[in-house]
Amino acid sequence: FWARWQDPVLTALLEKAFEANPDIATAAANLRSAEASITSANAALWPTASLGANAGKNRSGGTTRDSFSLEGSGGLALNLAGAEFWKADAAELSAAASRYSLEDVRAATAAAVAEAYVNLRAAEAQLEVVKKSLANYMETAETSRWQFEAGTGAASEAEDAMVQLASARARIPTLEGSIFEYRNALMRLTATPVEELELGSSSVIPLPPDDAAVAIPAETIANRPDVRAARLNVEAAVLQLKSAKSNFFPSLNLSGNIGTTAATVSALGTAGTGVAGLAAALTLPVLNWGSLIAGEESAAAEVDRNVAAYRSTLLAALEETDNAIASIANAERRRTDLARAVEHARSAEMLARQEYEAGIGDYTMLLSTQRSLLSAEESELSNRADRAAGYIRLYRALGGAWAVDAAREDGAQKN
């Protein structure tokens, strides 16, 4: 998706963010923890075993006796209703949800980087427009001053021209402050000093190609990483509830040991020194049903919470996607009209200037056309930035899933 924007600086920023962004690192650590939980849950399905060696010295009735032993023991405890198996399956689902959460954080980070970068370029473009307008205002102010000194112009016209010039100059620090803030935002998102980002300066606002698709199939929204993660969390919570209900059923405990005991180390393992044991027990909870009922209720509440979270995530995805598509469509509709407005505003400003300098034009009209030109150019820049922001919001709304669809679309066209 981002490669289609054909902006090497944006591509480099995204690579830096994927490598060093703290939020991505946190999500990756959460995934590692979830995967470790799988190992812990699976371990409960297998027997435990241990080895031991003992040495002792006993004295009784004036006689001292030495004893040595080697022993291996093992055990297995399983709930007859499969509580351990439900927990193991739930751990698998939770880990899968964490993987999708990592994808979602990566998509959110990419969108944040792209948005900050587009805002930076938009602010730089606005600064260039204001500086260009400032040159025109200075020329107008100079002309009005000459006409006033020559007695052909009014003092009010010269003062009005200076007001317009000063107002334009006052906008420059504001735009420069915005540029500074957007550069710092990119530093935070990429965890890289600004001087190492090689941002340069450009008045070109990046955009995807005009043929970028905005018709998104419903299944793409369902495949959004946070939607998938929320769905898996529901499934994991259901399995945890089954595990909690299983605790009301008996558990089977098997244990055994084998070893050797002798008075000397050299005698260990010889005939007559062996010992062994095997035991089985079936336990049923009786007096702790209060805690079991509370555990079941807590697990049921967790299911309800995850279901509500899933519905909220899905509704948010639908809302964000529709809003992003509408934003793109609105910006596209304004695109042609705003371009024409800039074209006509430039022609009007040029004609008004020529008439004013020739002494046949109205000063008020010249100021009006200059202000209209600045307003039209800024509106066109703002709309271009809105178009880019719409595509970024759509990418974020789909959790990056749109990137896969776009790649497949390209492949289908080539074939």
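Modeller: Gladly! Let's begin with contact, which means heavy atoms within 4.5 Å. This is a predicted model, in which local features need pLDDT of at least 70 and side-chain atom pairs count only at pLDDT 80 or more, while totals for chains, interfaces and linings use all residues. Residues are numbered from 1 along each chain as its sequence is written, and side-chain values use heavy atoms, with hydrogens and water left out.

Leaving aside neighbours within four places in sequence, Glu378 is in contact with Val130 and Arg171. Glu378 belongs to helix 8; helices (H or I, at least four residues) and strands (E, at least two) are DSSP runs, numbered from the N terminus. With a relative accessible area of 16%, Glu378 is buried. Buried means under 20% relative accessible area, exposed over 50%, and partly exposed in between, using a 1.4 Å probe and protein chains only.

Another buried residue is Ser144 in helix 3, and its relative accessible area is 1%. Thr336 and Glu320 are 16 residues apart in sequence, and their C-alpha atoms lie 26 Å apart. Thr336 counts as partly exposed, at 43% relative accessibility.

Now for the core itself. In soluble globular proteins, nonpolar side chains tend to be buried together. A nonpolar core is a set of buried Ala, Val, Leu, Ile, Met, Phe, Trp, Tyr and Cys residues joined through side-chain atoms within 4.5 Å. The largest one in this model has 57 residues, and Trp2, Trp5 and Leu186 have the most contacts inside it. At least two residues of this core come from each of helix 1 (8-20), helix 3 (83-149), helix 4 (155-190), helix 7 (289-357) and helix 8 (363-397). Helix 3 gives the most, with 18 residues. Apart from this core lies another, of eight residues, including Ala90, Ala96, Ala97 and Ala236.

Let's zoom in on Trp5. Not counting residues up to four places away in sequence, Trp5 touches Leu10, Val118, Pro206, Leu207, Pro208, Ala388, Tyr391 and Ile392. Gln6 is exposed, at 70% relative accessibility. The phi angle of Gln6 is near 55°, a positive value in a residue other than glycine. Ala191 also has a positive phi near 55°. You will find Ala191 in the loop between helix 4 and helix 5 (218-222), where it counts as partly exposed at 45% relative accessibility.

Next, a pair of helices. Two packed helices are described by the angle between their axes and the distance between the axes. Axes are lines fitted to C-alpha atoms, for helices over the stretch in contact, and angles run from 0 to 180 degrees between N-to-C directions. Helix 6 (residues 225-246) and helix 7 pack at about 165°, with their axes 8 Å apart. The two are therefore roughly antiparallel; angles over 145 degrees count that way, whereas under 35 is roughly parallel, 65 to 115 roughly perpendicular and the rest oblique. Among the residues making the contact are Ala230, Val234 and Leu241 of helix 6 and Ala299, Val303 and Tyr310 of helix 7.

Finally, let's visit the sheet. Strands of a sheet pair through backbone hydrogen bonds, either parallel or antiparallel. Here, two strands pair if DSSP finds at least two bridges between them. The four strands form an open sheet in the order 1-2-3-4, with antiparallel pairing. Strand 1 (48-60) and strand 4 are the edge strands, each pairing on one side only. Strand 1 is joined to strand 2 (residues 63-79) by 13 bridges, and Ala55 has Phe68 in strand 2 as its bridge partner. Ten bridges join strand 3 (residues 251-262) to strand 4, where Gly274 stands opposite Thr260. Strand 4 (residues 274-283) is hardly covered: of its ten residues, the count of buried ones is zero.
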